[in-house]
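Subject: Structure for you to look at

Hello,

Please open the structure below and keep it on screen while you read. My notes on what was found in it follow.

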Amino acid sequence: MIPKKTNESTQNNLKKKTPRQPKKNKRDNKAKAIREYTAGGVVFRIKEGKLEFLLLQDVKGRWSIPKGHVESGETLEQTAVREIGEETGLFGIKIIDKLDKIHFFYRMNGKLIFMTTFVFLMEATQPDEALQPEKSEGIIDVSWFDEQAALRAIEYKATKVLLEEGAKRIKKAYGIQ
């Protein structure tokens, strides 16, 4: 057998290889991140036999569901009801069911935040109640959308999935097509 010839530069390259660094995984980020918790809801009403969803628009023009931070001593349900009232002016609401939770990371003031948002399915008990965006919190608009318009308006995929799940449950419970 003839030994394979290697040139000097190939041998040097082989010697210079450093071991691969282990990839950082999301668990490492979670350990370093500040944990925050919010609660909110996929709020709906049935008006003239049609299903509509309440969305709010932030200063960056993004439409989403109302939600906010859990305050000391509050349950998740209390937070969801309070925040929807504060952010949208809609106080006549009731919780129908728990939908799910959403996890995401974001940065604020150079700090990594790991957010968990608990989302409830909620019905407007006074469907004609006037809406009032909480402008002091960066909410520039609040409006009712039909299902397809709401899905087009929402930017975040996880929120769209929860709205779709909520719509499915409502249609089944109320016999809506």
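Contact, in these notes, means heavy atoms within 4.5 Å. Helices (H or I, at least four residues) and strands (E, at least two) are DSSP runs, numbered from the N terminus.

This is a predicted model, in which local features need pLDDT of at least 70 and side-chain atom pairs count only at pLDDT 80 or more, while totals for chains, interfaces and linings use all residues. Residues are numbered from 1 along each chain as its sequence is written, and side-chain values use heavy atoms, with hydrogens and water left out.

The chain as a whole

The chain has 5 helices and 7 strands. Read along the sequence, they follow the pattern α-α-β-β-β-β-α-β-β-β-α-α. Of the 177 residues, 40% count as buried; buried means under 20% relative accessible area, exposed means over 50%, and partly exposed is in between (1.4 Å probe, protein chains only). Among contacts with a separation of 6 or more, 69% are between residues 24 or more positions apart.

Helix H3

Helix H3 (76–88) has 13 residues and reaches 18 Å from its first C-alpha to its last, close to the 18 Å expected at 1.5 Å a residue. The expected span is 1.5 Å times one less than the number of residues. Buried residues in H3 are Thr79, Ala80, Arg82, Glu83, Ile84, Gly85, Glu87 and Thr88. What covers them? The cover of the buried residues of H3 includes E1, E2, E4, E5, E6 and strand E7 (139–146).

Glycine 85 lies in this helix and is buried, with a relative accessible area of 2%. Not counting residues up to four places away in sequence, glycine 85 touches Leu90 and Phe91. Its C-alpha is separated by 9.9 Å from that of lysine 67, 18 residues apart along the chain. Just after H3, glycine 89 takes a positive phi of about 85°.

Valine 70 is in the loop between E4 and H3 and is partly exposed, at 29% relative accessible area. Leaving aside neighbours within four places in sequence, valine 70 is in contact with Tyr37, Thr38, Ala39, Leu76 and Thr79. Between the C-alpha atoms of valine 70 and alanine 39 there are 6.7 Å, although the two are 31 residues apart along the chain.

The largest pocket

A pocket is found on a 1 Å grid over the protein atoms alone: it is an open set of points where a 1.4 Å probe fits, with protein on both sides within 12 Å along at least five of seven lines, and lining residues have an atom within 4 Å of a point. Grid points are joined across faces, edges and corners, and the volume is the space filled by probe spheres set on the points.

The largest pocket holds about 990 Å³ of space. Its lining has 28 residues, of which Asp58, Arg62, Lys67, Phe104 and Tyr156 lie nearest the centre. Elements giving two or more residues to this lining include strand E2 (50–58), strand E5 (93–108) and helix H5 (157–174). Which element gives the largest share of the lining? E5 does, with 4 residues. The lining divides into 12 nonpolar, 7 polar and 9 charged residues. Here Ala, Val, Leu, Ile, Met, Phe, Trp, Tyr, Cys and Pro count as nonpolar, Asp, Glu, Lys and Arg as charged, and the others, Gly among them, as polar.

Some single residues

Leucine 162, in helix H5, is buried at 7% relative accessibility. Leaving out residues up to four places away in sequence, leucine 162 touches Val42, Leu99, Asp100, Ile102 and Val119. Leucine 162 and valine 119 are 43 residues apart in sequence and 8.1 Å apart in space, C-alpha to C-alpha.

Glutamate 52, in strand E2, counts as buried at 19% relative accessibility. A polar contact of 2.5 Å joins its side chain to that of arginine 45. A polar contact is a pair of N or O atoms within 3.5 Å; within protein, one must be able to donate a hydrogen and the other to accept it, and residues adjacent in sequence count only if both atoms are side-chain atoms.

Glutamate 48 is not a glycine, yet has a positive phi of about 55°. Glutamate 48 is in the loop between strand E1 (34–47) and E2, and is exposed at 76% relative accessibility.

Regards
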